[in-house]
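Open the structure in your viewer and keep the sequence beside it. The stops below say what to select next and what is there.

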Amino acid sequence: MSVFEQIDRILLTAAVVLVLVAGLLLLVRIWRGPSMLDRAISLDVIAALIIAGLGAKSAFARDGFYFPVMLVLAFLGFTGSVGIARFIAVRDRPAVTAPAPAAGETKKDAQ
């Protein structure tokens with residue numbers, strides 16, 4: 001095993017360890033919250049970590065088998081986060097109310 005292959009293995013192992021640590025921290029964020037948006041963002045980041053883990057596994061095995069799977073997961077993660085953002089945007093939109101009459105005007109004068 002050459003020096004470059006040994007460095008490659010060490011860096012890939014470090015990448016996998018960092019992905020696992022980030023996954024554990026994200027599980028804590030999902031468990032503790034505090035809001036639903038925090039949990040939704042954490043799930044989106046976990047999808048990205050799964051993609052990173054599959055990329056590290058592909059690089060470690062020097063096999064491109066998981067590239068289509070990574071592409072599909074990226075697409076699903078993107079559409080899921082857009083859907084969640086649209087849902088939260090509609091839910092948090094302020095209610096539209098009629099303007100209040102000006103000072104000194106009655107409701108009949110405003111029409």
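**Stop one: the aromatic pair**

Select Phe65, which counts as exposed because its relative accessibility is 56% (exposed is over 50% relative accessible area, buried under 20%, partly exposed in between, with a 1.4 Å probe and protein chains only). This is a predicted model, in which local features need pLDDT of at least 70 and side-chain atom pairs count only at pLDDT 80 or more, while totals for chains, interfaces and linings use all residues. Residues are numbered from 1 along each chain as its sequence is written, and side-chain values use heavy atoms, without hydrogens and water.

A search of the whole structure finds 1 aromatic pair (ring centres of Phe, Tyr or Trp, the latter by its six-membered ring, within 6.5 Å). The ring centres of Phe65 and Tyr66 are 5.2 Å apart and the planes stand at 80°, so the pair is edge-to-face (over 60 degrees; under 30 is stacked, the rest tilted).

**Stop two: Met70**

Next select Met70 in helix H3, residues 67-91 (helices are DSSP runs of H or I, at least four residues, numbered from the N terminus). Met70 is buried at 15%. Beyond its neighbours within four places in sequence, Met70 contacts Ile51, Leu54 and Gly55 (heavy atoms within 4.5 Å). Between the C-alpha atoms of Met70 and Ile51 the separation is 5.4 Å, and the two residues are 19 apart along the chain.

**Stop three: H1 and H2**

Finally, select residues 3-32 (H1) and 36-61 (H2), whose axes come within 9 Å and cross at roughly 165° (axes are lines fitted to C-alpha atoms over the stretch in contact, with angles from 0 to 180 degrees between N-to-C directions). H1 and H2 are therefore roughly antiparallel (over 145 degrees).

How values were computed:
Helices (H or I, at least four residues) and strands (E, at least two) are DSSP runs, numbered from the N terminus. Angles under 35 degrees count as roughly parallel, over 145 as roughly antiparallel, 65 to 115 as roughly perpendicular and the rest as oblique.
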